[in-house]
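Visitor: I have a model open and would like to talk through its fold. Could you take me through it, starting with the terms you use?

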Amino acid sequence: MANVTRLCATKSIMTVNGEFPGPALVAREGDRVLVRVTNQVSHNMTLHWHGIRQLRSGWADGPAYVAQCPIQIGQSYVYNFNITGQRGTLWWHAHISWIRATVYGAIVILPELGIPYPLAAPHEEVPILFGEWWKANTEAVVKQALQTGGAPNISDAFTINGLPGPLYNCSAKGMNELVLKVEAGKTYLLRLINAALNDELFFVIANHKLTVVEVDAVCVKPFTVNTLVISPGQTTNVLLTAKPFNPKANFYMSAVPYSTIRPGTFDNTTVTGILEYHNPNSGSASSSFDKDLPLFKPTMPRFNDTGPVTNFTTKLRSLATATYPVIVPRSVDKRFLFTIGPGTLPCPVNMTCQGPTNVTRFAAAMNNVSLVFPSTALLQSHYTGMGMSKGVYASNFPTAPLTPFSYTGTPPNNINVAKGTRLLVLPFNTSVELVMQETSILGVESHPLHLHGFNFFVVGQGFGNYDAVNDLAKFNLVDPVERNTVGVPASGWVAIRFLADNPGVWFMHCHLEVHTTWGLRMAWLVLDGSLANQKSQEILVCLVRSRLAFFRFSV
Ligand code: C2O
């Protein structure tokens, strides 16, 4: 825990090693990583290594009640995994309730020793983490929302590396903003991470262009933009080339939300950092900036402008070279269509709900099913044989929406949500095509969907109804972008393909935390192939105050 002052208010927050944002985990491709997490806060805890493939090491993935039981107060747990075939920027965060609001940090995977970057080495590398800040205790915010069935209070600020910046009325003195010092003519690698809970963001640096070179720790064909789009969960590496001569000016680096929902229901504020030119001969750089210099501000897109989003996402292409080949499944074993969107659940008796009507409350679902977490972790249940036999879960997740979906611009009649713990079971090495269709039922909204345990290829996206004949024919199987979190476009669809080559139970959910809370989440069960999930790990027991320490668990 640490006391942190933002927006003129001090609150006690959960931290890792006392740091906010948390420490960066820097490793090399091929490393084995061991992280012992000791829970010293008064809340259950798990950590997730967002985007790490976790090949056969699902025990180290982290989502509470899916991959593991939470680390209870006073307990510890060792996350043990290899970094195989991945390099670039990812991030880690708490994966229980809304604790990731303050418990998050960067993961930087450097190339193996002696292997150069695919591009010329930058002068400096800078992690830029976008976050979201509530003056109130975020656990109280989510608890209140769950109790009333209403929407949680929106955040009070966005942050860059934990700092809200000068456009908020009130910031702690001397800790206002991130000041990024650059030297004329040099190139910087910015490792952008959207760790915000509920907002997709536009990011612009005034009078500077950004060259996108990597997303979700996978190289892309470089392209240059003024406006960048990054959704919660996503990471993006960009090159920033400083102007050839010192411009004798400072520049805002700003982020604002992208949202197609009703104004007032999301945080529509602006976070800014400052880009300042620094002459290396004039002594060491101070952490503040020269306020006498002219300050340039960028033009930001309007909050609901989908144009720059589509423009940005359709530019993302894999390198697809001999060194960085694209191995997109060409033939497909299983095709699935999931509707992604909100719905309603009946209000429990004895409760007054603030949902769409006073007898219903908000829910969210995929194919009308809202995942209910079991009281013991799904992965553990599967490998101990308790899964189906003991009724911890069922294996009948619907492979198509409950009622046929047709996007007409008006709400279709399938907003009902059923609660359930139903997994979608895949034999090892199934090649999967999944189309996710946004339903626009209670309002048009885009959803950043994150799949644990895999990278996938984004083979198509579009607006309106997905057309299984004409759209399919246009899929990009040549150089589709490979990633772990993709925006399902507002009133549109996205198609992904992946090979289910990683046995275990893998969570998939909207990375807008409020939607995950409402149930926009499901899990895949990938059966063992010739090699099972990693053999032994310590196992935590859910819902009791003891654990089987270093229980040897073999499969
Ligand atoms: Cu970054 Cu399941 O999350």
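Guide: Helices here are DSSP runs of H or I with at least four residues, strands are DSSP runs of E with at least two, and both are numbered from the N terminus. By that assignment Cys 510 is found in strand β32, residues 504-510. Please keep in mind that this is a predicted model, in which local features need pLDDT of at least 70 and side-chain atom pairs count only at pLDDT 80 or more, while totals for chains, interfaces and linings use all residues. Residues are numbered from 1 along each chain as its sequence is written.

Visitor: Cys 510, then: buried or exposed?

Guide: Cys 510 counts as buried because it has 29 C-beta neighbours inside 10 Å; the label takes 20 or more other C-beta atoms within 10 Å of the residue's own, with 12 or fewer meaning exposed, values in between meaning partly exposed, and C-beta atoms placed from the backbone.

Visitor: Which residues does Cys 510 touch?

Guide: Leaving aside residues up to four places away in sequence, Cys 510 touches His 447, Pro 448, Leu 449, His 515, Thr 516 and Leu 520, where contact means that the C-beta atoms, placed from the backbone, lie within 7 Å. For Leu 520, which is 10 residues from Cys 510 along the chain, the C-alpha separation is 5.9 Å.

Visitor: What sheet is β32 in?

Guide: β32 belongs to an open sheet of five strands with mixed pairing, in the order β25-β33-β32-β27-β30, and strands count as paired if DSSP finds at least two bridges between them. At the edges are β25 (423-426) and β30 (485-488), each of which pairs on one side only. The twist from one strand to the next averages 25°, taken between lines fitted to C-alpha atoms (for helices, over the stretch in contact), with angles from 0 to 180 degrees between N-to-C directions.

Visitor: How does β27 pair with β30?

Guide: β27, residues 447-451, and β30 are antiparallel and share four bridges; His 447 has Val 488 in β30 as its bridge partner.

Visitor: Switching topic, what about the four-strand sheet?

Guide: That one is also open and mixed, with its strands ordered β3-β8-β7-β5. β3 runs parallel to β8 (residues 104-110), joined to it by four bridges, and Val 26 is placed opposite Val 108 in β8.

Visitor: And helix α1, which of its residues are buried?

Guide: In α1, residues 138-148, the buried residues are Thr 138, Val 141, Val 142 and Ala 145. Seen down the helix axis they fall within an arc of 90°, so they line one face of α1, the arc being that of the directions from the axis to the C-beta atoms. These buried residues pack against α5 (513-518), and just after α1 comes Gly 149, with a positive phi of about 70°.

Visitor: What does the whole chain look like?

Guide: The chain has five helices and 33 strands. Its radius of gyration is 23 Å, close to the 24 Å of the globule rule for 555 residues, so the chain is as compact as a globular protein of that length; the radius is taken over C-alpha atoms, and the rule is 2.2 Å times the number of residues to the power 0.38. Buried residues account for 50% of the 555.

Key:
Contact = placed C-beta atoms within 7 Å.
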